[in-house]
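Please consult it alongside the sequence and the model.

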Amino acid sequence: MKKISIIIPVYNEKETLRNIIKRVEEASFCNLEKEIIFVDDASIDGSSDILKEYEGKYRVLRHEMNMGKGAAIRTALGHLSGDIVVIQDADLEYDPMDYNKLLPLILEDKADVVYGSRFLARQGNGSFMLTHYLGNKVLTIITNILYNVTLTDMETCYKVFRAEFIKDIKIESDRFDFEPEITAKVIKKGARIKEVPISYYGRIHAEGKKITWKDGIHALRALLKYRFK
């Protein structure tokens, strides 16, 4: 049976962590064998204590200092054993049940990488902040121009990879610029990328959302950097 490795970066997600773990556990992931890998990115809100409860059941990796989402994923990639790799944020913006929409394209050999697009379907998008909506749209358009693709949601968290398309990629980005970097590198590697619609329940900064306009600038720089590198 094929195995799926689910990478969950965690930084100060005490309020949602148990809930997202429960949802990941309940999701079928097309009945694949599951391997869950948490990377605690030096949380200071009690998330680390919650993860201690799961250390005997799942792999829990820890950073001594906060390094960012990209660094957390880089750490996890050195420890996974799955045939397929998925990335799951520790908040409740994305629904693990949606993986059953993404995985069939890989299992049926119709794609090497699948993105869950928040813009192909408008389910549960009531809290999508206008600034983030416009920022995502602009970055995706720039991605399409630079890399000659037709994506609708480059910045989505929900990305599914055949393991061979990500394990040997050297991830340099430490923070949210991981998203444009990995997109650029799998495109340049010749991956077949498909998108499917997913639901999305966006948070605002008061609810713990961490990405800001500065991350948009870093994303733009990454798109330009990896296009010509």
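D153 is buried, because its relative accessibility of 0% falls under the 20% cut-off. The model is a predicted one. D153 forms a salt bridge with R118, whose closest N and O atoms are 2.7 Å apart.

**The K159–E179 pair**
- K159 and E179 form a salt bridge in which the closest N and O atoms are 2.6 Å apart.
- Distant parts of the chain are linked by this pair: K159 belongs to strand β6 and E179 to helix α6 (residues 178–188), 20 residues apart.
- Both residues, K159 and E179, are buried.

**The E172–K225 pair**
- E172 forms a salt bridge with K225, and the closest N and O atoms are 3.6 Å apart.
- E172 is located in the loop between β6 and α6 and K225 in helix α7 (residues 213–227), so the pair ties together parts of the chain that are 53 residues apart in sequence.
- E172 counts as partly exposed, because its relative accessibility of 31% lies between the limits of 20% and 50%.
- K225 is also partly exposed, with a relative accessible area of 41%.

**Salt bridges as a set**

**Surroundings of D40**
- D40 is placed in strand β2 (residues 33–40) and is buried, at 3% relative accessibility.
- The side chains of D40 and S43 are joined by a polar contact of 2.8 Å.
- With neighbours within four places in sequence left aside, D40 is in contact with V10, S48, L51, L61, R62 and H63.

**Nonpolar core**
- In soluble globular proteins, nonpolar side chains tend to be buried together.
- The largest nonpolar core in this model has 70 residues.
- F29, F38, V160 and V186 are the residues with the most contacts inside that core.
- Not counting residues up to four places away in sequence, F29 touches I4, I6, V24, K34, V86, Y99, N100 and L103.

Notes
Residues are numbered from 1 along each chain as its sequence is written. This is a predicted model: local features need pLDDT of at least 70, side-chain atom pairs count only at pLDDT 80 or more; totals for chains, interfaces and linings use all residues. Side-chain values use heavy atoms; hydrogens and water are left out. A nonpolar core is a set of buried Ala, Val, Leu, Ile, Met, Phe, Trp, Tyr and Cys residues joined through side-chain atoms within 4.5 Å. Buried means under 20% relative accessible area, exposed over 50%, partly exposed in between (1.4 Å probe, protein chains only). Contact means heavy atoms within 4.5 Å. A salt bridge is a side-chain nitrogen of Lys or Arg within 4 Å of a carboxyl oxygen of Asp or Glu. Helices (H or I, at least four residues) and strands (E, at least two) are DSSP runs, numbered from the N terminus. A polar contact is a pair of N or O atoms within 3.5 Å; within protein, one must be able to donate a hydrogen and the other to accept it, and residues adjacent in sequence count only if both atoms are side-chain atoms.
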